[in-house]
Amino acid sequence: MPYSYAIEVTDTSPRADGSAGSSYDFTFDSHDDFNAIVERVQRRGLFDENESKAFVTGLKLLGGVMLNHRSEPLFAELGPAFKQFMTTLKSGAKAEETQA
């Protein structure tokens, strides 16, 4: 089942003149349930709540772009390392689930 997401990034830094910071937003689809993945990462205790959300969102967004553009030379070096990182990340989660 595909999931649809919307993300908004807003610069919340204080401005001397009191004006609001700039922002952008975008939507995307994924085959992954980001909320379930965030919960699994939080159970592992690797990061605090905010970092868990940023980690999962950033990782899944980067992975999706890389997958869509896997033939691009830009990703030639990163692709194999990213794949190994994901394998290590997932195997660590499975090992922790079996120990629980």
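This report walks through the salt bridges, aromatic pairs and one serine of the structure above.

First, some ground rules. The model is predicted, so to speak with care, local features need pLDDT of at least 70 and side-chain atom pairs count only at pLDDT 80 or more, while totals for chains, interfaces and linings use all residues. Residues are numbered from 1 along each chain as its sequence is written, and side-chain values use heavy atoms, with hydrogens and water left out.

## Salt bridges

Searching the whole structure turns up 3 salt bridges. The term means a side-chain nitrogen of Lys or Arg within 4 Å of a carboxyl oxygen of Asp or Glu. Here they are:

| Asp 11 | Arg 15 | 2.8 Å |

Helices (H or I, at least four residues) and strands (E, at least two) are DSSP runs, numbered from the N terminus.

How accessible are the partners? For the labels, buried is under 20% relative accessible area, exposed is over 50%, and partly exposed is in between (1.4 Å probe, protein chains only). Asp 32 is buried, since its relative accessible area is 15%, whereas Lys 60, at 22%, is partly exposed.

Glu 49 and Lys 53 both lie in helix 2, and because they are 4 residues apart, about one helical turn separates them. Glu 49 counts as exposed with 52% relative accessibility; Lys 53 comes in as partly exposed at 39%.

That leaves Asp 11 and Arg 15, whose side chains meet in a salt bridge. Asp 11 is partly exposed at 30% relative accessible area, and Arg 15 is also partly exposed, at 29%.

## Aromatic pairs

On to the rings. A pair of aromatic rings is described by the distance of the centres and the angle of the planes. Rings of Phe, Tyr and Trp (its six-membered ring) pair if their centres lie within 6.5 Å; planes under 30 degrees apart are stacked, over 60 edge-to-face, and the rest tilted. By this rule there are 8 aromatic pairs.

One of them is Phe 28 with Phe 34, a tilted pair with 5.6 Å centre to centre and 50 degrees between the planes. Phe 28 is buried, with a relative accessible area of 16%, and Phe 34 counts as buried too, at 7%.

Phe 55 and Phe 85 make an edge-to-face pair, because their planes stand at 70 degrees, with the ring centres 6.4 Å apart. Again distant parts of the chain are linked: Phe 55 is in helix 2 and Phe 85 in helix 3 (residues 78-99), 30 residues apart. Phe 85 is partly exposed, at 40% relative accessible area.

Which residues gather into one aromatic cluster? Tyr 3, Tyr 5, Tyr 24, Phe 26, Phe 28 and Phe 34 do.

## Ser 30

Finally, a serine in strand 2: Ser 30. Ser 30 counts as buried, at 13% relative accessibility. Its side chain reaches the backbone nitrogen of Asp 32 at 3.0 Å. Leaving out residues up to four places away in sequence, Ser 30 touches Met 1, Pro 2, Tyr 3 and Tyr 5 (contact means heavy atoms within 4.5 Å).

Methods: Polar contact = N/O pair within 3.5 Å; in protein donor to acceptor, adjacent residues only side chain to side chain.
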